[in-house]
Amino acid sequence: MFRKALLALPVALALGATAHAEKAPEEVLQGLIDSIDSRYLTQSEMNLMMMPDNPALWVGMDGEDLFHTARGPNNVSMEACDFGKGPGVLEGAYVEMPRYFEDTGKVMDLETRIVHCMTDVQGFASDDPAVRQRHGSGSDHMKLQTYIAMQSNGMEWNNPLDHPLEKAMRDAGEVLFARRAGMSDFNCFACHGQSGKQVRASVLPNAKIGEDWTKAISWPAHRVGHDNVRSSQHRVRGCYYQMRQPGMLAGSDASIALISYWTDLARGQPAILPDMKR
Amino acid sequence: MFKKKTPMAAGIAAFATILFAGGCAVADTGKSGQVDYTAMTPHELAEYLIFEANGGGFNLSQEMQEGGTARERMQQDELQKACSIIDDGKPDAETMAAIRTAAQESIVYPEGGIQLGDWKRGRELAWSGFGYRVGHNYDDHSVRDVGGTCYNCHQFATDRTGGNVGPVLTGYGKTRGTSDAILKYAYDMIYNPHVYFPCTHMPRFGSSGFLDEQSIADIMAYMFDPESPVNE
């Protein structure tokens, strides 16, 4: 098909650091589409065609430069930072987050771990724009998150639950996912408990179907409607907004608990990184 | 917001078998005064993460359109607690029956009976997703009417695309007529659908105060009026 021709020149392969990736993100998605009948996975033919030229790939390239550049008052690069697999080791790190980190004694998701790296390793003040600006393709955060996450493309979600805190956070996230509150009485299942359902024109992913759910949680993704690359934390914030519940604070333990549970729901399914969403 | 809690509390408290103790068992690890998350049950930890951890996991001090703060909006009433089931299951039969009874008791009918209002206004309200959103992009109710968000989940007149989380309502009045019984059923479903479908995901647009009496009458006119495009 038309897609096949585009696959010959995926931008992803231009990124040396992703040479380990055997499949381009669009091929990972196609594998899921071939394995299950899902209106959610197939809802945007245009995005499928556009994925080889996903703008997030360029954001990730900027992130590669940023990651390997000595920065901050301490003038060190992020290669000194441990994302769970040892300092500077990124391959497969993101699909095993959130995870417990010995040095902070906390379960952290990618975004909060980047904050920790910027402040405690590179020496940025916590109110430095590099640390504070979390959203938008031009932010350091989204560049770094996209680059780091891309090193897990095609790998199976597998956030560890061996540490008691990892298990506690995952289990609290399960409660939060089902917790109804606010003016609309919504919980996450209001939108994510059935297959093939749509809100207005958007087909929704079913949290109980792993093949749906891995795409749902494959952030960073370029959101076409926002014309920006967005993060897991941004998605969580948007869901609570639509549920008429209060704004979840970025990096709060509540947000990390929820992300621990939603990652567990996709366990064993391949990550699409970066993804492209409507 | 709290006015809806009174009838619910009486109806469900006795059946609330899934409810957990309100207070959190916050254990102290002894080191640097940090609480031990692993000493709490999942429910206790979830509540702690929402309301307590580092001052709360949400922007809890923000003022809400209905009055009060986000902290109050995040607190669950009896129905919300009873219907918050892991994996989206249903509560036991006794609890379901209590929910239906409490829902029935929550419904307030207009003086002079259920009336159909202005279908043209109702059409725009059914389409609108504005109202009661807070956080980073707060819905200012002084600049726009609160909508019903109906099209999010339902299809009405087909010139606009609706969702399919709820049933198709195209041709609603044309196929069902406008008897007192069907008007009451539609009113009840909008006001508090738990009277017929306990633990439904549809909001309680009347009981919660989301929609006022006039807006419900206008949305019902959009569903029932022979002139409405719903009934073409």
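Visitor: At what angle do helix α4 and helix α7 of chain A pack?

Guide: This is a predicted model, in which local features need pLDDT of at least 70, side-chain atom pairs count only at pLDDT 80 or more, and totals for chains, interfaces and linings use all residues. Residues are numbered from 1 along each chain as its sequence is written, chains are lettered from A and ligands numbered from 1 in the order in which they are written, and side-chain values use heavy atoms, leaving out hydrogens and water. Helices are DSSP runs (H or I, at least four residues) numbered from the N terminus, and axes are lines fitted to C-alpha atoms over the stretch in contact, with angles from 0 to 180 degrees between N-to-C directions. The axes of α4 (residues 55-68) and α7 (residues 140-150) of chain A lie 7 Å apart, at an angle of about 95°.

Visitor: How much area do chain A and chain B bury between them?

Guide: Buried area is the accessible area (1.4 Å probe) that two parts lose on being put together, summed over both. Carbon and sulfur atoms carry 59% of the area between chain A and chain B. The total is about 4500 Å².

Visitor: Which residue of chain B meets the side chain of A:R179 in a salt bridge?

Guide: A salt bridge is a side-chain nitrogen of Lys or Arg within 4 Å of a carboxyl oxygen of Asp or Glu. There are 2 salt bridges between chain A and chain B. In one of them, at 2.8 Å from N to O, the partner of A:R179 is B:E47.

Visitor: Which element gives the most residues to the side of chain A that touches chain B?

Guide: Among the elements giving two or more residues are α11 (232-242) and α12 (253-265) of chain A. The most, 10 residues, come from α8(A).
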